[in-house]
Amino acid sequence: MQHIQLFLQGEKPDNRTAALLTAAACGVGALVVLMRTFNSRRETKEKVQKARDRRTESLQRAEQSVLRYKQTHPTTDSALILTLSLSELTKQLQEGSLSPEDVFYSYMEKTLTVNKKLNCCTGVLLESFDQLKTVGSNKEGLLYGVPVSIKENLAYKNHDCSCGLILNLDQPAQKDSVIVEVLKKQGAIPFVKTNLPQALLSYDCSNPIYGQTLNPHNPQKTSGGSSGGEGALIGGGGSLLGIGSDIGGSVRIPSSFCGICGLKPTPGRLSSQGLIPTYRGQKSVLSSPGPMAKDVDSLALCMQALLCDHMFSLDPTVPPLPFNVQTYQSSKPLRIGYLENDGYTQPSPSMARGIREVKALLEQAGHTLVPYRPLKISYALCELGVRGVFADGTTTLRQKLKWEPLDPSLRAQLFPYYLPKWLKNILSVLLKPLSPRASAIFSALCGVGSVQDLWKQHAAVEDYISETIADWRRCNIEVLLCPSIGPAFNFSYCGRIATVLSYTALYNLLTFPAGVVPVSTVTAEDEEELKHFKGIYQDTCDKLFKQAVSGGEGLPVAVQCVALPWQDELCLRFMKEVEQVVKQSRK
Ligand SMILES: *[C@@H]1O[C@H](CO)[C@@H](O)[C@H](O)[C@H]1NC(C)=O
């Protein structure tokens with residue numbers, strides 16, 4: 001203290017004093033940092049505990065309400081209600097042969113059971129109990145009386161959109177997202193929020209606040225992500241319609257892993273107002289909200305309900321294009337491009353078999369199938385996709401994660417993000433002969449250097465989209481049938497295998513609508529064939545992929561259907577076609 005006073009009084013300190021001063025300053029500095037870390041750790045812990053308590057309390061209150069309802073309504077046939085498809089359910093609700101209360105409480109009860117097994121919910125929206133009382137005034141709505149689950153990052157008034165980040169806790173949304181508002185207007189009842197991975201960064205589904213979500217078909221496997229809570233809840237029967245979001249496969253992967261249908265619409269077709277991303281401003285690859293459900297008709301009904309004047313007036317940035325029922329219901333034979341292997345990631349045996357079987361069924365049904373290969377896939381994924389998403393060299397993301405404890409599922413994935421640019425560049429060069437795919441990713445994680453480079457990057461993405469559209473025209477195809485990643489992975493693998501995203505992320509970059517439909521389950525033969533899986537590059541990612549999908553017998557297998565931008569109805573119609581031919585082949 002004396003030394004500091006001397007210093008302040010302007011006396012020239014001798015060397016010893018200087019050394020002591022430095023030491024003291026360092027000590028104080030260290031103490032401040034320690035205190036800050038300590039305080040922020042304690043604060044972090046408290047915030048997480050509060051969020052968990054909120055979840056537990058909402059679940060308990062919902063459970064009590066369900067019990068009370070069951071006591072006063074002993075004749076409700078919940079088991080029957082839970083077997084109805086969305087179109088049957090909406091019909092019976094509109095006719096009045098089913099009451100919204102019976103439907104709501106049946107699904108609420110089932111959701112609570114499924115959540116206990118799979119840890120898929122981040123909280124019950126207790127406001128839904130009040131909405132139920134007044135839902136009769138929306139009897140004309142297309143989703144009158146339908147309980148709907150929503151992904152945690154979709155704003156619902158007075159509830160957090162944490163995106164799995166502790167930083168974002170205790171900042172409840174000021175108002176409903178446009179999608180939630182329109183759902184309510186159409187008579188739907190958003191009743192529960194569902195889990196997602198930390199910072200929405202993975203196609204797994206785990207975060208330090210709410211933990212890991214499990215797969216409804218095998219709890220040893222992940223539900224996939226990032227809309228993994230939706231996948232698990234719908235796949236487990238606790239919800240029959242949900243809203244997820246997709247920037248690299250986040251609707252399609254959990255749908256595929258959990259055996260349900262999911263659509264990633266053309267970005268911009270549905271309002272993204274109130275859909276919270278981890279960071280904003282990134283324009284190379286756009287995210288879009290999308291429906292997830294047990295069958296394609298449910299996805300179509302949800303799109304039809306959302307694409308209404310109410311949405312167009314709430315969010316005038318959305319093109320006022322109502323759902324084209326005619327396109328969806330058309331039975332004109334289709335010209336379908338197909339691929340079993342994209343030349344970048346060798347598909348698992350069940351992924352490839354799914355394509356072969358569906359291709360044959362579609363041909364039998366009178367459609368024309370043409371082999372197709374995506375253009376310059378490695379360039380598109382790394383140079384356009386990864387470099388675009390991380391154009392800032394991952395700076396914004398790292399700022400978001402600064403005070404966050406990292407989820408174990410993300411550690412391996414995030415490690416390279418923290419390396420300095422020069423080291424990423426060196427590693428990219430060194431890795432080139434060993435693993436060209438890893439090398440390209442390390443290089444892409446450096447981002448772009450200047451505004452000029454960013455503009456060039458955006459122009460290159462536009463060029464790639466035009467070239468691909470021209471290529472579809474040249475091949476004379478309207479839609480594309482391609483593999484859907486699967487079956488569901490073992491835990492801790494998603495964060496280490498970015499390469500498989502070639503099957504989904506390409507269509508985000510292209511802004512093409514894309515959806516998945518379950519078509520089969522993994523057989524013992526698939527499992528046997530997997531033993532001989534080598535991969536195209538035979539690098540670490542190929543080895544890890546083989547391990548990740550091992551032991552998957554009985555798990556759902558899906559295919560993916562893609563269409564050109566704004567042809568969301570055609571994409572759904574194609575998905576419906578796939579669903580039908582598969583259903584007929586089982587008879
Ligand atoms: C993956 O999980 C399955 C199912 O639990 C198991 O049979 C298999 O051995 C696991 N594979 C690896 C490589 O851990």
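In the predicted model, the centres of domain 1 and domain 2, taken over C-alpha atoms, are separated by 31 Å. The domain assignment of the chain places domain 1 at residues 44-323 and domain 2 at residues 377-472. The contact between them draws 19 residues from domain 1 and 21 residues from domain 2.

Between domain 1 and domain 2, an area of about 1600 Å² is buried; carbon and sulfur atoms contribute 61% of this area. On the side of domain 1, the residues that lose the most area to domain 2 are Leu201, Tyr279 and Ser284. Together, Leu201, Tyr279 and Ser284 account for 38% of what the domain 1 side buries.

Nine residue pairs are in polar contact across the interface of domain 1 and domain 2, with both residues of each pair at pLDDT 80 or more. By contrast, zero salt bridges are found across this interface. The side of domain 1 that touches domain 2 comprises eight nonpolar, nine polar and two charged residues.

Rolling a probe the size of a water molecule over the atoms shows where empty space is left. The structure holds three cavities of 30 Å³ or more, and the largest cavity has a volume of about 50 Å³. The lining of the largest cavity is formed by Ser348, Pro349 and Ser350, together with Pro487, Val522, Asp526, Glu527, Leu530 and Val549.

Terms used: Residues are numbered from 1 along each chain as its sequence is written. This is a predicted model: local features need pLDDT of at least 70, side-chain atom pairs count only at pLDDT 80 or more; totals for chains, interfaces and linings use all residues. Side-chain values use heavy atoms; hydrogens and water are left out. Domain bounds come from an automatic or database domain assignment. Contact means heavy atoms within 4.5 Å. Buried area is the accessible area (1.4 Å probe) that two parts lose on being put together, summed over both. A salt bridge is a side-chain nitrogen of Lys or Arg within 4 Å of a carboxyl oxygen of Asp or Glu. A polar contact is a pair of N or O atoms within 3.5 Å; within protein, one must be able to donate a hydrogen and the other to accept it, and residues adjacent in sequence count only if both atoms are side-chain atoms. Ala, Val, Leu, Ile, Met, Phe, Trp, Tyr, Cys and Pro count as nonpolar, Asp, Glu, Lys and Arg as charged, and the others, Gly among them, as polar. On a 1 Å grid over the protein atoms alone, a cavity is a set of points where a 1.4 Å probe fits but cannot get out, and a pocket is an open set with protein on both sides within 12 Å along at least five of seven lines; lining residues have an atom within 4 Å of a point. Grid points are joined across faces, edges and corners, and a volume is the space filled by probe spheres set on the points.
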